[in-house]
Amino acid sequence: MIPESFNVELVPWKEAVSLSKDLAECIRGKFCPDLVIAIGRGGFVPARVVCDSLLISTLTSIRIEHWGEAAICYGEARIRYPLSVDVKGQDLLVIDDVTDTGKTLLAAMEYLDSLRPGRVKTGALHHKTTSSFTPDFYAKIVPEWHWIVYPWALHEDLTGFLEKVITGDPATLGNLRLALGKKYDLRPGMDDMAFAARELVERGIAEETGAGYRLKKSP
């Protein structure tokens, strides 16, 4: 069960690309897949960088839903968009950004096994030791659980976390940032804070006043 307060790690683009290249080096010479499969959505960017680093041109994806924004879990992982190609007898490399509970990659493996492929290997940027599934390849191990925000999900996750700390009392972006730091050890840039606050306003969740942002009052 996700605790009420926990640490959040922001991964910048430079580090994310570096980890993707490190993952590729872990794979190099150990496995040569016929097809790379990105787990959508988190695995899209890492899989593309891995393919580029290993000069692999065969890349596709499947969509598995398990996590929403700001560490909201949907429950059991489920295949949303399956493969559109025949992979019978092919060696497959499945890439995701992180093993959290492990249920996403477990669901992927069960689904792919039903398609009668050849060998199937898995890779991730971060492997959390709390995960029930250990990928064949990973760039970095995470010994203590915390939430990881990748640059390709920053706005989505930050909007969700901001909604968790905003209240009915007006607060400036600076004070809301302090609240994120206190509850989640999360300290995003002010431009990103402004972008997320605007998102909540446009969604009708929050409103901007002369004193800052607050939850929108019911009519």
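Trainee: At roughly how many degrees do the axes of helix α5 and helix α6 cross?

Mentor: This is a predicted model, in which local features need pLDDT of at least 70 and side-chain atom pairs count only at pLDDT 80 or more, while totals for chains, interfaces and linings use all residues. Residues are numbered from 1 along each chain as its sequence is written, and side-chain values use heavy atoms, with hydrogens and water left out. Helices (H or I, at least four residues) and strands (E, at least two) are DSSP runs, numbered from the N terminus; axes are lines fitted to C-alpha atoms, for helices over the stretch in contact, with angles from 0 to 180 degrees between N-to-C directions. The axes of α5 (residues 173-184) and α6 (residues 190-202) come within 10 Å and cross at roughly 100 degrees.

Trainee: Are α5 and α6 roughly parallel or roughly perpendicular to each other?

Mentor: Angles under 35 degrees count as roughly parallel, over 145 as roughly antiparallel, 65 to 115 as roughly perpendicular and the rest as oblique. The two axes cross at roughly 100 degrees. Therefore α5 and α6 are roughly perpendicular.

Trainee: Why is strand β5 described as largely enclosed by the rest of the structure?

Mentor: Buried means under 20% relative accessible area, exposed over 50%, and partly exposed in between (1.4 Å probe, protein chains only). Strand β5 spans residues 92-99. The strand is largely enclosed because the number of its residues that are buried is 8 of the 8.

Trainee: Which residue of β5 is the bridge partner of I37?

Mentor: Two strands pair if DSSP finds at least two bridges between them. Strand β2 (residues 35-40) runs parallel to β5, joined by 4 bridges. Within β5, the partner of I37 is V94.

Trainee: Which residue of β6 is the bridge partner of I95?

Mentor: Strand β6 (residues 120-128) pairs with β5 in the parallel sense, over 7 bridges. In β6, I95 has as its bridge partner G123.

Trainee: How many disulfides does the structure hold?

Mentor: A disulfide is a pair of cysteine sulfur atoms within 2.5 Å. The closest cysteine sulfur to that of C26 is in C51, at 15 Å, too far for a bond. For C51, the closest is in C32, at 11 Å, which is also too far. The number of disulfides is 0.

Trainee: Is C51 buried or exposed?

Mentor: C26 has a relative accessible area of 27% and is therefore partly exposed. C51 has a relative accessible area of 2%, so C51 is buried.
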